[in-house]
Amino acid sequence: MRFRRWTALPIVVALLVAVGAACGDDDDDGGSVTVLSAMEPEEAQALNDVLEENLDADYTAEIEASGNFEEQLQIRSEGGDLDLAMLPQPGAVADAAESGAVSLEDLGFDIDELRDTFGDVLMDLVEVDGQHYGLPSNVNLKSMIWYPADDFEEAGYEVPETWDDLIALSDQIVEDGGTPWCVGFEAEGATGWPATDWLEDIMLRTAGVDTYDQWVAHEIPFNDEAVVAAGERFGEIMFGDGYVLGGAEQTPSIAFGDAPAPMFEEEPGCWLHRQANFINAFFPEDAEPNVDYDWFPFPAIDEQNTLFGGEFLVAYRDTPEIRDFMEQFTDVEIQCAQGGIQGTSRISPHPDVESDCYANEILGEASEYLTEQLQAGTARFDASDQMPPEVGSGSFWSGMMDYVRGGPDSLQGVLDEIESSWPS
């Protein structure tokens, strides 16, 4: 799923929080641009500060943070009251095209140039009937497992390289009297997306990229044996004896941003946390990278592939200000500036944004790692974000919560139910 600190990508309340500062100079005669986003207010404010300092324009621009992004997107696009939106779901791009989004071709962008810059993997995600809708505005590396580095070393634990190593480490932590995993799946109206990321990460490592692509496109059913096998692996962690802090059944009520907090206690309340690079923004402000925390790639099972997510800047009107904003926001200067804010912990899809742009060494490492995986063709975008919304942000989210509440024996029924929800 996407980052919804947002990721909350929450949908519960009908309150739209507009946050930010005007950017450019003080002359309002140049027009304005607003960008609807699924960010938390604090992240939107941080990006508005970046715009104020770096956007070279005679118009004002503002990032709006919405706690019910999907609902507001539909209402405002249908009402014609929308300039730009940051879509975290490529699966929603086709809906955006139908509801009034303007193609990059109609905006005057050179698609070949964009493919040279961002690569085919990202640009293919926004293609609908031969037209392209949306510029990549940020990406996030999801295949990351975080741990309390100094305590980890002191305890004599070693970074696992395989799934079997990961299970052995979890068993050792339990034997030592600790709890291996911090897990939380609550994200307001988007509760469940962090669990879908778990399943997707495992699918990439057990079934491989080709089967993963078939699963995303529904060329194999959602309850295919490959998905069952991945779900069982997920269950090894969730239902392992003493593995999950509070137990699997409690994870739907633990906010995903709060979940890693026990890792930073004087005596770690848990030792491992699987989450994307943006979780860095939820760590304690005084936590020191490479000392209080570090990360390692989600280990190989049968293969070693990489899961990532991201957002796409989609236009709903065609004006000079909107095109200029899209160009500047996705170019190196602003992308580098936003990378320098730990409060957002965003990674740029632009290959010319160097690792030293980032707020800390870990984010720079994550950027380099993801870039390498994209270039190698071993990275795949978040599956749920590519699926039809009825499934990707509907039955898949809720189904994973039914699974962690229902226990190992509920898996087949959950996958059967998700399969039955796939739109014909």
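## Salt bridges

Across the whole structure, a search turns up 14 salt bridges, each being a side-chain nitrogen of Lys or Arg within 4 Å of a carboxyl oxygen of Asp or Glu. This is a predicted model, where local features need pLDDT of at least 70 and side-chain atom pairs count only at pLDDT 80 or more, while totals for chains, interfaces and linings use all residues. Residues are numbered from 1 along each chain as its sequence is written, and side-chain values use heavy atoms, with hydrogens and water left out.

Take R76 and E64: their side chains meet in a salt bridge at 2.7 Å, N to O. The pair ties together distant parts of the chain, with R76 in helix α2 (residues 69–78) and E64 in strand β3 (residues 60–66), 12 residues apart. Helices (H or I, at least four residues) and strands (E, at least two) are DSSP runs, numbered from the N terminus. Both R76 and E64 are buried; that label means under 20% relative accessible area, with exposed over 50% and partly exposed in between (1.4 Å probe, protein chains only). R76 counts as buried because its relative accessibility is 9%. R76 also meets D81 in a salt bridge, this one at 3.9 Å, N to O.

R115 and D120 bring their side chains together in a salt bridge at 2.9 Å, N to O. Through salt bridges that share partners, R115, D120, D124 and E127 join into one network. R115 is buried, at 19% relative accessible area, whereas D120, at 46%, counts as partly exposed.

## A three-stranded sheet

Three strands make an open sheet in the order β9-β8-β10, with antiparallel pairing. β9 (273–274) and β10 (294–297) stand at the edges with a single partner strand each, so one side of each has no neighbour in the sheet. Two strands pair if DSSP finds at least two bridges between them, and β8 (residues 144–147) and β9 have two, in the antiparallel sense. In β9, H273 is the bridge partner of W146.

## The cavity

There's one cavity of 30 Å³ or more. On a 1 Å grid over the protein atoms alone, a cavity is a set of points where a 1.4 Å probe fits but cannot get out, and lining residues have an atom within 4 Å of a point. The largest cavity has a volume of about 60 Å³, a volume being the space filled by probe spheres set on the points, which are joined across faces, edges and corners.

Its lining includes W181, F185, W198 and H273. α9 (193–206) and β9 each supply at least two residues of the lining.

How values were computed: 1 Å grid on protein atoms, 1.4 Å probe; cavity = no way out; pocket = protein on both sides within 12 Å on 5 of 7 lines; lining within 4 Å.
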